[in-house]
Each structure stands twice: as structure tokens, then as C-alpha cells.
Amino acid sequence: MRVMPPELVTWLMGYVSDAAAADGYDVDVVGAEPEDLAVPLPRPLIVIRIDPGSRLDWTTFDRSVGASVLGGSKNAPTPIVDLALWLASVLFDDELPLATGSPIARVDFDGCNGPYAVTEELDVARQYMTAQYVVEGSW
């Protein structure tokens, strides 16, 4: 049987954008870091990327998500750290499978790591985290 993996990054971008707006965060959420990234950023940037994984069974796939939060400056990282902690709460939420339209069947907590600071060449604070999911395909 042919089963297509879900387009997880698009769903997560919309979900995170909606959650940010509901919680009062003015952020940009993208699926790839802009090649022309320049500072200062007008508002914090959340970058969500998906690492392909294996097919687990007939309809499910293993997926790892990497998320970066960029903004502010290296000398004043606290607002970005706080935003990254908020994002971790969203991406690590065990109720993600219950969200409307969610392709996520299960959050694998062993693959939920971070957030932690990442060295950056630009004068911007950067936090990174990973999340691990089992996702449902479609046929």
C-alpha cells in the first residue's frame, strides 16, 4: 500500500504561528532560515525544519524536528531564552496529537531536547531544540 508521509513542517509552522498569536508573541515562523538574514531582526524568528526518518509501519513515520529561535542580541539573550522555553512547551506538548488537523500520532519525549544556546556569528541570540514525533501518513 502506498502511504505518503505528512507535510509536517507546514502544519507545525501554522500551529506555532497560531499558538504564538494566541499567547501574545509577535514572531515570524518559517521553514528555512533566510539566506539574507540580517540583524537587527524586526521581530524574533522561529525556524522549524524536519529531518526525514524511517517508516515505522504501514501508516506511521519517525520524524525529528529542529527549531531555532533567533532575535535580540548576544548581550541581551533573555527575551529569546524565554521565547525558546515557550516554544519548547509547544513542541513538546503531549496533546499535539489532539490538535485539529495534526499529523502527529505521538510525541517521543526521548527526542525532545533543549532549548540551549548556539554560537552565532551575527549579533543575535540563538536558541535551538529538537522534538521527536511519530506521524501518520495518508493513502
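This report looks at one helix and a set of salt bridges in a predicted model.

## Ground rules

Residues are numbered from 1 along each chain as its sequence is written. In this predicted model, local features need pLDDT of at least 70 and side-chain atom pairs count only at pLDDT 80 or more, while totals for chains, interfaces and linings use all residues; side-chain values use heavy atoms, without hydrogens and water.

## Helix α1

Helix α1 has 15 residues, 8–22. Helices are DSSP runs (H or I, at least four residues) and strands are too (E, at least two), numbered from the N terminus. The expected span is 1.5 Å times one less than the number of residues. That gives 21 Å for α1, and its end C-alpha atoms are 21 Å apart, which agrees.

Leu8, Val9, Trp11, Leu12, Val16, Ala19 and Ala20 of α1 are buried. They cover an arc of only 160 degrees around the axis, so they lie on the same side of α1. The arc is taken from the directions from helix axis to C-beta atoms. The face turned away carries Asp18, Ala21 and Ala22, which are exposed. Buried means under 20% relative accessible area, exposed over 50%, partly exposed in between (1.4 Å probe, protein chains only). After α1 comes Gly24, with a positive phi near 85 degrees.

## Salt bridges

The structure holds 5 salt bridges. Each is a side-chain nitrogen of Lys or Arg within 4 Å of a carboxyl oxygen of Asp or Glu.

Arg126 pairs with Glu33 (3.0 Å, N to O). This links strand β6 to the loop between β1 and β2, 93 residues apart. Arg126 also meets Glu120 (2.6 Å, N to O). Shared partners join Glu33, Glu120 and Arg126 into one network.
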